[in-house]
Each structure stands twice: as C-alpha cells, then as structure tokens.
Amino acid sequence: MKFLMLKLLVLVSLSASLSAREVVIYSVYPGDRLEAVFKPFTAATGINVKVVEGKSLDLINKIEAEGEQTQADLHLDKDLVFHGIANRKGLYRAIESEKVFNQVPPHFIESNNKWTTLFYRSRLIMFNTNAVKKSELSTYEDLGSEKWLGRLCMRTSKSNYNQALVAYLVAHFGKEKATQIAKSWVKNTDMPVFTSDRAIISAVAEGKCDVGIANSYYLVPFIEKDPNFPVRLFFPSQDTAKAHINGVGIGITKYAKNVTEANMVIEYLTSAQVQAPVADAFDQYPVNTQAPLGTILSGFGDFKVDSTNIGVISNLTDIATEVMKEANWQ
Ligand SMILES: [Fe+2]
C-alpha cells in the first residue's frame with residue numbers, strides 16, 4: 001500500500017511536471033511564423049514553446065535587464081552580429097547535447113558552445129547576366145579592382161550583413177588589408193549606398209550597376225517570379241577564403257529555467273527532418289549536411305563555405321565597424 005501510494009505520488013508529480021513543461025524563446029521571428037515549426041515538437045514531447053518576439057537589440061537588452069528573472073530559455077536571432085553581442089555580454093550558457101554536436105559541423109557552433117547556427121546563407125556577388133561573364137568574377141577583393149570602377153552597388157555600412165562580411169575580411173586578411181579592400185569597394189561605387197539587398201538586386205537587374213553584394217536568399221523570389229531574371233549569383237573566393245556565410249542562430253540563456261527542454265529544442269531544430277523543410281521555407285541552407293536542399297537552392301550549385309568558426313567572426317564586428325568608417329563607407 002505504501003509503495004502504491006509512493007508510485008502514484010511519483011506519477012502525479014511526473015504528469016504535473018509534464019503538463020507544465022514549457023520553453024520560452026525570445027525571437028526576432030514572430031510566433032506565427034514559427035508555429036508550424038514547433039507544432040510537431042510539442043506533439044511529440046508535450047513541451048509547449050512560447051515565442052516572445054522583438055527586435056534584435058531590444059531582445060538582448062531585455063534578457064540583460066531581466067537577469068536571473070528572465071523568462072527566456074532561448075535566444076533566436078537571424079545574424080551572427082547579434083549572437084556575438086549577446087555572448088560578449090555573458091547572456092548564454094553552453095549548449096550541452098551530443099546530438100547537436102553530431103548534427104552541426106563544428107565551425108557553425110561558437111567555440112565554447114555558447115550558441116549555434118541553425119540555417120545559413122552566403123553574402124555573395126550578384127551579377128547582371130547581360131553585362132558580366134561568370135569568368136570575370138573571382139574573389140570579394142577583386143570587386144575593388146579597376147575593371148569594376150563605377151559598376152559596383154553596395155548596401156550601407158549600417159547593415160549588419162555588411163558588418164559580418166567585413167568581419168570575415170578582417171579574420172582572413174587582418175585589419176589593414178580589410179581596410180584597403182573596403183576602400184577599393186567604396187571607390188568603385190558610383191552611386192549612393194542602398195538600404196536593402198532587394199534594392200541592390202533590382203539595380204543590378206536594371207543595369208544601374210553590373211555587380212552588387214547581397215545575401216543568397218534575396219535572389220530566390222525574383223527567380224521564382226521570373227525564371228529569366230537577368231541576375232545570377234556567384235560564390236566568391238572559392239579557391240581562397242571561401243564564401244562568407246552568416247546565419248540564423250540560437251543560444252540558451254545563462255539563467256534559463258528549462259535547460260533540458262532548451263537543449264531538446266536545439267536538437268529538434270538541427271535534426272535533418274526539421275532542417276530540410278524549415279531551411280527551404282526560409283530560403284536558407286541547412287547546417288545539418290544530411291538535410292536535402294530545396295529546388296532553387298540546389299539549382300544554385302555546390303559551393304565551399306568559409307570554415308572559420310562563426311564565433312570568431314562574430315567577435316570581429318566592432319573592428320569591422322571601424323574598418324568601414326575608415327574606408328568612408330556610408
Ligand atoms: Fe535579410
């Protein structure tokens with residue numbers, strides 16, 4: 001009798017804890033966009049996923065201000081710049097899951113396991129197919145050469161995407177050479193900087209410039225709408241530093257209350273079955289190499305990505321900002 005009571009008590013407390021299981025994500029993506037992603041997770045585990053949406057810096061400041069009281073178990077952002085900031089503020093604890101380490105190549109996980117990339121894109125060269133032959137393209141640095149004078153379109157230096165790209169240059173070439181490269185790009189840019197990647201791709205299509213730098217996924221909707229769209233992408237620096245990549249990432253907060261559940265969410269998000277459809281929906285590449293690509297992305301062809309640890313790049317973004325300032329990149 002005593003044993004039965006004990007068993008029941010265990011069962012009751014177990015089911016109580018099961019029904020109360022929840023994990024909270026502070027996310028730059030809205031809850032309704034993530035709902036379909038987490039539905040199977042909740043169905044399989046009974047763990048409810050609550051999404052609190054906000055802008056990148058607001059969410060980081062919120063986690064910092066809430067301190068030990070924070071509701072956030074996980075922090076999801078779309079850019080390595082912000083994961084770098086959050087990590088330097090000490091807002092993460094290490095991911096502890098062999099499954100995650102098996103599912104994600106090491107260079108996509110910050111060296112101390114403080115955050116991991118989930119999906120990535122390349123920041124690369126978009127070129128006008130009527131004005132440029134693929135054979136004329138080579139490296140990022142080459143966009144600063146004489147032949148591109150007045151033919152290059154650039155986005156503002158305020159863009160986090162460009163900060164991450166320049167951080168990649170700093171990682172590979174050092175600050176001085178990165179500054180020279182940035183200066184050569186600015187010299188070749190004949191018009192005011194753009195405020196969006198989409199606008200750059202449109203300008204290249206209209207022949208306002210022949211080459212531009214933008215993220216891979218922005219080209220997808222243009223091609224879906226018009227298969228003959230006169231812009232194609234080129235993966236730069238394949239024989240040297242390889243293509244710069246940036247991505248959607250996630251970290252477990254230092255004061256997470258539901259650490260086990262948080263690790264389970266990352267295991268789920270990096271599993272091949274989840275990676276394939278979600279990467280496809282976001283037009284980004286899955287970090288799990290077992291996940292197949294969607295039609296358009298596989299049509300872009302294979303390419304080699306920079307294997308520098310993503311955390312290293314994320315820690316160079318302040319230097320990158322100085323480089324762009326010195327280069328007078330607007
Ligand atoms: Fe974007």
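Helices and strands are taken here as DSSP runs, of at least four residues for helices (H or I) and at least two for strands (E), numbered from the N terminus. In these terms, and in a model that is predicted, Asn113 is placed in the loop between α5 (98-103) and β5 (116-128). The phi angle of Asn113 is near 65°, a positive value in a residue other than glycine.

The domain assignment divides the protein chain into domain 1, made of 16-120 + 247-293, and domain 2, made of 121-244 + 315-326. Taken over C-alpha atoms, the centres of domain 1 and domain 2 are separated by 29 Å. To the contact between them, domain 1 contributes nine residues and domain 2 contributes eight residues. On the side of domain 1 that touches domain 2, helix α4 (residues 80-88) gives the most, with three residues. By class, this side of domain 1 comprises four nonpolar, three polar and two charged residues.

Asp77 is located in strand β3 (residues 74-77). Because 27 C-beta neighbours fall inside 10 Å, Asp77 counts as buried. When residues up to four places away in sequence are left out, Asp77 touches Val28, Ser56, Phe82, His83 and Gly249. Asp77 and Tyr26, although 51 residues apart in sequence, are 8.6 Å apart in space, C-alpha to C-alpha.

A further contact pairs two helices, α6 (residues 160-188) and α13 (residues 317-326), whose axes come within 8 Å and cross at roughly 50°. The crossing of α6 and α13 is left-handed. On the α6 side, Gln163, Ala164, Val166, Ala167, Val170, Lys175, Ala178, Thr179 and Ala182 take part, and these meet Thr317, Ile319, Ala320, Thr321, Val323, Met324 and Glu326 in α13. The residues of this contact of α6 with α13 divide into ten nonpolar, four polar and two charged.

Definitions and conventions: Residues are numbered from 1 along each chain as its sequence is written. This is a predicted model: local features need pLDDT of at least 70, side-chain atom pairs count only at pLDDT 80 or more; totals for chains, interfaces and linings use all residues. Axes are lines fitted to C-alpha atoms, for helices over the stretch in contact, and angles run from 0 to 180 degrees between N-to-C directions. A crossing is left-handed if the near helix is turned anticlockwise from the far one by less than a right angle, and right-handed if clockwise. Two residues are in contact if their C-beta atoms, placed from the backbone, lie within 7 Å. Ala, Val, Leu, Ile, Met, Phe, Trp, Tyr, Cys and Pro count as nonpolar, Asp, Glu, Lys and Arg as charged, and the others, Gly among them, as polar. Domain bounds come from an automatic or database domain assignment. A residue is buried if 20 or more other C-beta atoms lie within 10 Å of its own, exposed if 12 or fewer, and partly exposed in between; C-beta atoms are placed from the backbone.
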